[in-house]
Amino acid sequence: MDREFEDNDEIISLASKLAKKNSDKETKMWVVASGKGGVGKTFITSSLAITLTKLGHSVVIVDLDLSGANVHTALGVPPSHMTIRHYFEGTKTLQELVIPTQLPHLSYVQGFWDSWSPTEFTNEQVHRLIPEIKNLRADYVLIDLGAGALECHLDLFKHADEKILVSSPEPTSIEKTYRFIESFVCHTIKENATPDAYGSMITTLRSHRQRTLQKPFSFRSYLKEQTGIHYDFFETLSATPVRLLINSSRSQQNENLGLSMRSVCNKYYDLGIDFIGAIDYDNAVWQAVRNREAVLISQPFTPLAGQFLATCKHLIAPEELRTVV
Amino acid sequence: MQSTSRHNYYEILELPANAPQYEVSAAYERARATYAGDNPAIYTIFSEQEARELLVFIEEAYQVLGNKILRNIYDQRLLSGRASLNDLTYSSIVEASRAAAIPEPAKTEKPEIKFKRDEAFEAEILACESWDGDFLKKVREYKNISTEKMHDITKINPYYVKGIEKMDPESLPAIVFVRGYVVQIARALGLDDKKVADTYMKSFKERLGKK
């Protein structure tokens, strides 16, 4: 896999030409979420961002982890006093808060780092934030969320061009990953359903969970049978499916875990998700974090970097791929 | 097998209908690994009992799709759009394959597996009136057929071949399949499949009753 990087310079020069050509293209928003904390969202976000810049794209990471900002540490830069709080308080636009890093084409927006006043965003704030994100001057904006299926997380996730869900191979994380998928589906349907229809769907889901349904449950056929729910939901979702990424995988079995989870979603919910890859557990990762530097920068030619490259390639449009590589 | 009415075999194995044969096997192995019990991916979603039920369908799907003749019949019926649900069940397809196979094409290219003939043992095989797993294993080993080789011939998972020989219901799918497996194994070993299956199933059921 290291071979992918051999012609790095050539790739970058080719790719930056391509990036210029595409500069009028719409900014893509990738949202990285997880059911459980500590599975490596920030590591995944920063590594995907670095890999995208290596492919010649400009990237802004927006740190939206309410429980405290981390992205700067993963990138190896000191925290800035210009945080996203300034945006929410209305004193700065989001673009004004973008801070460059030591890496070409990579910048970030510092998350909440002052803990004096509580942080939470309302629905309205999220809805105003999304167009601002789309207007940032970058090819890709990567959003690093906090853990759990909070309403604002689900909202951002829903509007993402790529929905990346990170799980570790531990049962605790797998469990919460399924809960996240459930809440995401329900949250999305809720907005397109009458309260009655939504209520009866929740009741049906509850009986599904308690195994008291007459016949096997399928979201797809259920939504088609109901009135009051707009069921083009699944068509939208199959165009931009939830992408599952298994982090700190320690064996081939963990790699198969992603395929198994995809199959379970299929059989239990009749819901298609996409498995985009397993990132190996690598001691170099925590060693790099201790030194406050990104592992893909201190050690750019490792199997780990190859895995991120493969993941990014899977996500970027294939026609772009052919020109770059 | 009521629930076959909901899924077709391709959906069960999560395959496109034009999947090549090797992908069928790969999908089957994946599905087996997912629902075979201690996989963390089914945690909080499927109970052990449900996973076992799913495995029965997965097994059934592979018995049909993993076999070229049966898959052909199934495909034809599925594509015709006229087939009733009854026509798409496992037993109906197996029956159709028997009917179609009456002028059985002589399998000339059947690779002969070499083994040392032992007249005394041959006589013992002929004389055997009550078959069980142990003796099937002996014959298989005598004929120099590994469980993997048996899988190549019969498309029965090596894991189940061993289960049949151990007569262990825990490691076998539903009883309707067990008989089918024994018949196929007996044929592959060149035995009288009816006699073997009848007597094997008798003692298998006795064991089930004891547990």
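View 1. The model is predicted: local features need pLDDT of at least 70, side-chain atom pairs count only at pLDDT 80 or more, and totals for chains, interfaces and linings use all residues. Residues are numbered from 1 along each chain as its sequence is written, and chains are lettered from A and ligands numbered from 1 in the order in which they are written. Helices (H or I, at least four residues) and strands (E, at least two) are DSSP runs numbered from the N terminus. From its first C-alpha to its last, α11(A) reaches 26 Å over 18 residues, close to the 26 Å expected at 1.5 Å a residue; the expected span is 1.5 Å times one less than the number of residues. Of the 18 residues of α11(A), 13 are buried, and the helix is mostly covered. A residue is buried if 20 or more other C-beta atoms, placed from the backbone, lie within 10 Å of its own, exposed if 12 or fewer, and partly exposed in between.

**View 2. The contact of chain A with chain B.** Chain A gives 16 residues to the contact and chain B gives 15 residues. Two residues are in contact if their C-beta atoms, placed from the backbone, lie within 7 Å. On the side of chain A that touches chain B, the elements giving two or more residues are α7 (171-191) and α11 (252-269) of chain A. The largest share, ten residues, comes from α11(A). By class, this side of chain A has ten nonpolar, four polar and two charged residues. Ala, Val, Leu, Ile, Met, Phe, Trp, Tyr, Cys and Pro count as nonpolar, Asp, Glu, Lys and Arg as charged, and the others, Gly among them, as polar.

**View 3. Strand β4 of chain A and its partners.** Strand β4 (residues 106-109) of chain A is covered on both faces, with Leu106(A) and Tyr108(A) buried on one side and Ser107(A) and Val109(A) buried on the other. Strands pair if DSSP finds at least two bridges between them. Strand β2 (residues 59-64) of chain A runs parallel to β4(A), joined by four bridges; Val60(A) has Ser107(A) as its bridge partner. Strand β3 (residues 99-100) of chain A runs antiparallel to β4(A), joined by two bridges, and Pro100(A) stands opposite Ser107(A). The hairpin of β3(A) and β4(A) has five residues between the strands, and His105(A) there takes a positive phi near 65°.
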